[in-house]
Amino acid sequence: MKMSMRWFGEAQDTVKLWQIRQIPGLVGIISTLYDALPGQDWPEERIKALKHQVEEAGLKLLGIESVNVHDDIKVGAGSRDQYIENYIRTIEKLGRNDIHLVCYNFMPVFDWVRSDLFKVREDGATVFYYDQAQIDQIVPEKMFEQMGKNSGGYLLPGWEPERMANIKRLFELYQGIDETKLFDNLVYFLKAIMPVCDKYDVNMAIHIDDPAWSVFGLPRIVTGLDPIQKLLKAVDNPHNGVTLCSGSLSSKPDNDIPAIIRSLKGRVHFAHLRNTKHHAPGVFEEAAHYSKDGSLDMVEIIKALLDIGFDGPVRPDHGRAIWGEQSLPGYGLYDRALGVQYLLGIYDALTHHMEG
Ligand code: DNO
């Protein structure tokens, strides 16, 4: 497993590459062109510049999170083929520049959703929090505003302002799109891009829906074992894989994460490892990575990844805001660095045991 950290680029991130470089055991960066719009054909010189910047800092660019999928592809609009063509060109350029992992999601309108980004815990740390009852009181059109207000002035990944500007149109676009249609459109997209992924050995890693159920009546289709297996079978190519996000899967406590991992041998291309603490059905908070701080057994999760021979990039996920750090919500340095050390500690203990 290759330990990495998500980085939002010089312009957006409060964390510097040289700081990340000082975290023991960390080898790479996961990043993207944050100003690229969904559907855009990425300029190759920008990809090269990003890669160069990361390498100059002594790190590797281990993957892109995300190359966002245009909503016309998700709804299967007439224009989708043009956007798919752009996606193919982008994959081609990534592959040519030796980048072999693309994380993406297929969630309609919204990416991840939370009701609170700064829930204060007993020890004064703040964490991301989800309460379905609170979400139910928000008019979906206001959700962008709410997340924006909540974000402390930082840009939230997946909540880019240009999406906010289009919110009404987006909702209209998804009228009549149920789970079956969304799934078929995902399959259409994947089938179209597999040849270029084969050619350049680029792994597509779909992110688990977060939370793993329908929000605001919009369909969600990557929610647990059966739907994931259905998708992997529908496009049965090793380059069609998943981003195993423990936090997103855990939003539904009946998802047995180690069992899900064990059933996905060869198809997990990337892992987001975070812990969550459950309070009630539909109510959870994002705990520290440390298992006993939440409801997940991170040891069992890493053990399962090792059992299937997973050797791809891993990153800690949303961290708590601690020690007064001002940062993009969920993406400060301090708690994610603690998370990295905890995850690597588990990894070392397990692999030494296995070797010994
Ligand atoms: C949130 C992230 C997501 C993820 C996308 C992948 O912090 O986990 O925004 O990057 O869903 O496309």
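Colleague: What makes β1 and β2 count as paired strands in this structure, and in which sense do they run?

Modeller: In this predicted model, β1 and β2 are joined in the parallel sense over three bridges, and since at least two bridges are required for pairing, the two strands meet the criterion. As an example from this pairing, Arg6 has Ile30 of β2 as its bridge partner.

Colleague: How do you know that β1 also pairs with β12?

Modeller: Between β1 and strand β12, residues 313-316, there are two bridges in the parallel sense, and because the cut-off is at least two bridges, this pairing counts as well. Here Lys2 has Pro313 in β12 as its bridge partner. Strand β1, residues 2-6, is also mostly covered, with four of its five residues buried.

Colleague: Why is Pro24 called exposed?

Modeller: Pro24 has 9 other C-beta atoms within 10 Å, and a residue is exposed if that count is 12 or fewer, so Pro24 falls in the exposed class. Pro24 lies in the loop between α1 (17-21) and β2 (28-31), and its C-alpha atom is separated by 9.1 Å from that of Ala337, although the two residues are 313 residues apart along the chain.

Colleague: What makes the protein chain agree with a compact globule?

Modeller: For 356 residues, a compact globule would have a radius of gyration near 21 Å, and the protein chain has 19 Å, so the value agrees with that expectation. Along its principal axes the C-alpha trace spans about 55 × 45 × 40 Å, and the chain contains 14 helices and 12 strands. Of the 356 residues, 44% count as buried.

Colleague: Which residues touch the most other members of the largest nonpolar core?

Modeller: That core has 78 residues, and Ile29, Val102, Ile261 and Ile301 are the ones that touch the most other members. Its largest share, six residues, comes from helix α9, residues 179-200. A second, separate core of eight residues includes Leu117, Tyr130, Phe284 and Ala288. In soluble globular proteins, nonpolar side chains tend to be buried together.

Colleague: Which residues is Ile29 in contact with, leaving aside its neighbours within four places in sequence?

Modeller: Among them are Ser4, Met5 and Trp7, together with Ile20 and Val54, and the list also includes Leu59, Leu61 and Leu62.

Colleague: Why are β5 and β10 described as standing at the edges of their sheet?

Modeller: Four strands form an open sheet in the order β5-β6-β11-β10, with antiparallel pairing. Each of β5 (116-120) and β10 (276-280) has a single partner strand, so one side of each is left without a neighbour in the sheet. From one strand to the next, the twist averages 35 degrees. Within this sheet, β6 (residues 126-131) and β11 (residues 283-286) pair in the antiparallel sense over three bridges, and Tyr129 has Glu285 in β11 as its bridge partner.

Colleague: How do you know that β8 is mostly covered, and which strands does β8 pair with?

Modeller: Six of the six residues of strand β8, residues 240-245, are buried. Strand β7, residues 203-207, pairs with β8 in the parallel sense over four bridges, with Ile206 standing opposite Val242. The chain crosses from β7 to β8 through helix α10, residues 225-234, in a right-handed β-α-β crossover. Four bridges also join β8 to strand β9, residues 268-273, and these run parallel, with Val242 standing opposite Val268 in β9.

Conventions: Residues are numbered from 1 along each chain as its sequence is written. This is a predicted model: local features need pLDDT of at least 70, side-chain atom pairs count only at pLDDT 80 or more; totals for chains, interfaces and linings use all residues. Axes are lines fitted to C-alpha atoms, for helices over the stretch in contact, and angles run from 0 to 180 degrees between N-to-C directions. A residue is buried if 20 or more other C-beta atoms lie within 10 Å of its own, exposed if 12 or fewer, and partly exposed in between; C-beta atoms are placed from the backbone. The radius of gyration is taken over C-alpha atoms; the globule rule is 2.2 Å times the number of residues to the power 0.38. A nonpolar core is a set of buried Ala, Val, Leu, Ile, Met, Phe, Trp, Tyr and Cys residues joined through C-beta atoms within 7 Å. Two residues are in contact if their C-beta atoms, placed from the backbone, lie within 7 Å. A crossover is right-handed if, with the strands pointing away from the viewer, the path from the first strand over the helix to the second runs clockwise.
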